[in-house]
Amino acid sequence: MEGVLTIVTLLFIAFAQITTNVLNNIVPPAYVLMESFKMKWTHATILVGVLSACVMPWKLVTDESAAGLNLFTQSYSAFLGPIFAVMAVDYFILRKKKLDINDMYDKQGCFKGIDWAAVIAIIFGSLCSLVVMQLSWYVSLIPTGVAYYLLMKVMPVSKPFCKGTIFDK
């Protein structure tokens with residue numbers, strides 16, 4: 001009886017792993033492919049599966065790849081930190097935690113196009129974070145946030161994105 005209970009428990013754990021990974025690792029990129037390239041769901045999911053096999057994630061957990069994985073993590077943190085800083089400054093400081101979701105998803109609304117203040121701030125923060133790669137995520141937060149705040153204040157091309165912010169006039 002004890003062996004049956006162990007097998008059933010392990011099956012539940014395996015099922016939970018599979019459903020969680022499918023939901024978190026396949027569905028979002030499939031939706032991105034569908035929206036970006038007007039693909040059907042089945043084609044997008046198959047493409048995600050093929051691409052995920054092509055990147056060989058099992059190579060990331062070998063002993064010889066540990067240093068490369070560490071460098072990869074630090075490198076992409078150099079970009080994720082600045083992206084987070086822009087989002088946090090925009091939401092908490094510029095918008096005072098008030099968003100108009102309808103404006104955000106209106107393809108012809110005030111948020112259409114590229115917010116060059118955000119792009120420049122992310123690039124600036126990423127360059128700052130390359131100075132200390134081990135702390136890249138943390139090093140980039142303050143320079144990116146300050147740069148984004150100042151650029152949103154002074155850049156004329158960012159005025160459409162200032163709707164609903166403290167700079168809205």
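Q: How many salt bridges does a search of the whole structure find?
A: The search finds three salt bridges. The model is predicted. To count, a side-chain nitrogen of Lys or Arg must lie within 4 Å of a carboxyl oxygen of Asp or Glu.

Q: Which residue forms a salt bridge with Glu 35?
A: Lys 107 is the partner, and the closest N and O atoms of this pair are 3.5 Å apart.

Q: Is Lys 107 buried or exposed?
A: A residue is called exposed when its relative accessible area is over 50% and buried when it is under 20%. Lys 107 has 60% relative accessibility, so it counts as exposed. Glu 35 has a relative accessible area of 48% and is therefore partly exposed.

Q: What are the closest N and O atoms of Lys 163 and Asp 103 separated by?
A: In this salt bridge they are 2.8 Å apart. The pair links distant parts of the chain: Lys 163 is in the segment after α7 (136–154) and Asp 103 is in helix α5, 60 residues apart. Lys 163 is partly exposed, at 38% relative accessible area, whereas Asp 103 is buried, at 16%.

Q: Which residue forms a salt bridge with Arg 95?
A: Asp 90 does, with the closest N and O atoms 2.7 Å apart. Arg 95 is buried, its relative accessible area being 6%. Asp 90 is buried as well, with a value of 14%.

Q: Where is Gly 81?
A: Gly 81 is in helix α4 (residues 66–94). As for helices in general, an α-helix has 3.6 residues a turn, so residues three or four places apart point the same way.

Q: Which residues does Gly 81 touch, not counting those up to four places away in sequence?
A: Gly 81 touches Trp 137, Ser 140 and Leu 141. Its relative accessible area is 0%, so Gly 81 is buried. Between the C-alpha atoms of Gly 81 and Thr 9, which are 72 residues apart along the chain, the separation is 39 Å.

Q: What should the 14 residues of helix α3 span?
A: The expected span is 1.5 Å times one less than the number of residues. For helix α3 (residues 41–54) this should give 20 Å, and because its end C-alpha atoms are 20 Å apart, the two agree.

Q: Which residue with a positive phi follows α3?
A: Met 56 follows α3, and its phi is near 50 degrees.

How values were computed: Residues numbered from 1 in each chain as written. Predicted model: local features only at pLDDT ≥ 70, side-chain atom pairs only at ≥ 80, totals over all residues. Heavy atoms only, no water. Helix = DSSP H or I, 4+ residues; strand = E, 2+ residues; numbered from the N terminus. Buried < 20%, exposed > 50% of the residue type's maximum accessible area, 1.4 Å probe, protein only. Contact = heavy atoms within 4.5 Å.
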